[in-house]
Structures are given as structure tokens and as C-alpha cells.
Amino acid sequence: MSATSRQADPIEDYIAALTAALHGPARIKARMIEEIHDGLADTVEAHTREGMAYQRAAHQAVGEFGTLDELVPSCQRELTITQARHTARAVALTAPFLVACWYLAWTTDHDQPWQLPRTAQLLAVHLAGVASVAALLAAATLATTGTLARWLPIPHQLPLAVAWTGTTASVAMAVATLALATASVLATNWPLLAFAGALAAASHAVVAASARACRQCARLPAT
């Protein structure tokens, strides 16, 4: 595309820069960008109907929407809260799997004399406790950013707290996976513990990815 043709489409340049500046859940971000694009297009159309040339109408529409420095922080705040809710929901939904792992680890081969599997099982129990606390915090986050948000302001540092809560839960799930895998090697009923380890590994994958995205969003300027 030539420099002349790029200059003829300031709306697309504005949208491209906005897309690059924002981070958050892909579907929500795409919908937000689409709404802004449609708003700009409607404004340009209104100006051109009044006889204004497209180039001037496009520049005026962009000016009416505000600069990126003015628009990005408010949009990013919405995306960051949404990402925090996604992370909190991931923790709240996967933590019960780790509690189920705790149950399996505690009840499987309870009378075995060897110590390594028992040590691994006890470690999994403590890690399940960590995941349970994280799940309670996640549930509180969902309430704070959901129904309660109609009456109470959302704490500015909440997304960062959710990000590190999710990170802690994901680490606990990863360590529980190793503990259960170790126990399954020596336990009599190894398929059950191997299955519990697989559940913990799957939970870790879900929560770790969401917590990483939440940390990235929480570091960005937002209003």
C-alpha cells in the first residue's frame, strides 16, 4: 500500500494503533474495537452527508473521539477487569479438581508402609488447601466485579491481586501434579493417582495461562 493510500484512511490507522495498544480477552477486545470502528464510521458518514470531504471528515471524527492517550486507559481498565474475572472464574472452577485430588491422595493406599508416597500425598493435601483459599478469593472477586459493582467501586489493585492469586494457585497445581505423579509410581492403585495428577496438570494449564494474561493487563496504565 502506498503512502498516499494510507494517508487517505486515517480511521484504519487509528483503529490499528488502538488495537496494538490494548490487551485483554480476545473476544471482548474485538467487540470493543468493532464498536469504536463503527462509531467512527457513523461520525464520518454524518460529516460527509453534510458535504465534508472524506479526508477532513475522517480527521475530524478521530479528533472527536479523542487521542489514543485519552482513550486507551479507560478501554484498558474495562479489559483488565474482564481479564481479572476470567482468571477468577478459572480458579473457582478448577480448584475443586485439586480438592478431588486431595480426596484421592488421602484415601488411596492409606495403609501402605512406605513413606515417599505418603509424603507426596500430604504435600498434595497442603497444596489443595492453598487452592481452596485461592478459590474463595476468586469467588469474592467474581462477586465484587459482578453484582456488587453496581453499588461498590472496584478496588484499583484488585486485578493485580487476582493475577497473583491465580499464579499462586497455578504453582500449587503444578507441584501437586508432580507429587501425585510420584505417588502413582509407587502406589498400588496407581491409575487413580495418575488420573488425579492429570486433573491437576490440566487445571494448572488453564489457570497459569489466564493468570499470565491477567498480570500483563494489570501492569498497563488504566483509569
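How many salt bridges does the rule count? The count comes to 1 salt bridge. The structure examined here is a predicted model.

The protein chain has 8 helices and 0 strands. From the N terminus on, its elements run α-α-α-α-α-α-α-α. The chain holds 223 residues, and 41% of them count as buried.

The UniProt record, an unreviewed entry, carries the annotation "transmembrane region". The annotation covers residues 87–105, 125–149, 161–186 and 192–211. Two of these spans can be set against the model. Residues 161–186 are 100% helix and 0% strand. The end C-alpha atoms of that span lie 38 Å apart. Residues 192–211 are likewise 100% helix and 0% strand. Here the end C-alpha atoms are 28 Å apart.

Side chains of opposite charge can pair when their charged atoms come close. In this model, the side chains of E45 and R49 meet in a salt bridge. The N to O distance is 3.3 Å. Both partners belong to helix 3, where E45 and R49 are 4 residues apart. That spacing means that about one helical turn separates E45 from R49. The accessibility of each partner was also computed. E45 has 42% relative accessibility, so E45 counts as partly exposed. R49 has a relative accessible area of 62% and is therefore exposed.

Helix 3 also bears on a charged region of the surface. E34, E35, D38, D42 and E78 gather there in a patch of negative charge. Helix 3 covers residues 26–49 and supplies the largest share of the patch, 4 residues. One of the residues placed in helix 3 is D42.

V175 is found in helix 7, which covers residues 158–186.

Two pairs of residues link positions that are separated in sequence. I36 lies in helix 3. I36 is buried, because its relative accessible area is 10% and buried means under 20%. I36 and F65 are 29 residues apart in sequence. In space, the C-alpha atoms of I36 and F65 are 8.8 Å apart.

The other pair involves Q60. Q60 is found in helix 4, which covers residues 54–65. With 30% relative accessibility, Q60 counts as partly exposed. Between Q60 and L40 there are 20 residues of separation in sequence. From C-alpha to C-alpha, Q60 and L40 are 9.7 Å apart in space.

In outline, the predicted chain has 8 helices and 0 strands. The salt bridge is formed by E45 and R49.

Key. Residues are numbered from 1 along each chain as its sequence is written. This is a predicted model: local features need pLDDT of at least 70, side-chain atom pairs count only at pLDDT 80 or more; totals for chains, interfaces and linings use all residues. Side-chain values use heavy atoms; hydrogens and water are left out. Patches are made of residues with over 30% relative accessible area and no salt bridge: like charges are joined within 9 Å, nonpolar side chains (Val, Leu, Ile, Met, Phe, Trp, Tyr) within 5 Å. Accessible areas come from the Shrake-Rupley method with a 1.4 Å probe; for residues, only the protein chains shown count as cover. A salt bridge is a side-chain nitrogen of Lys or Arg within 4 Å of a carboxyl oxygen of Asp or Glu. Lys and Arg count as positive and Asp and Glu as negative; His and the chain ends are not counted. The place of a charge is taken as NZ of Lys, CZ of Arg, CG of Asp or CD of Glu. Helices (H or I, at least four residues) and strands (E, at least two) are DSSP runs, numbered from the N terminus. UniProt positions are given in the numbering used here, feature names are shortened, and annotations may be inferred rather than shown by experiment. Buried means under 20% relative accessible area, exposed over 50%, partly exposed in between (1.4 Å probe, protein chains only).
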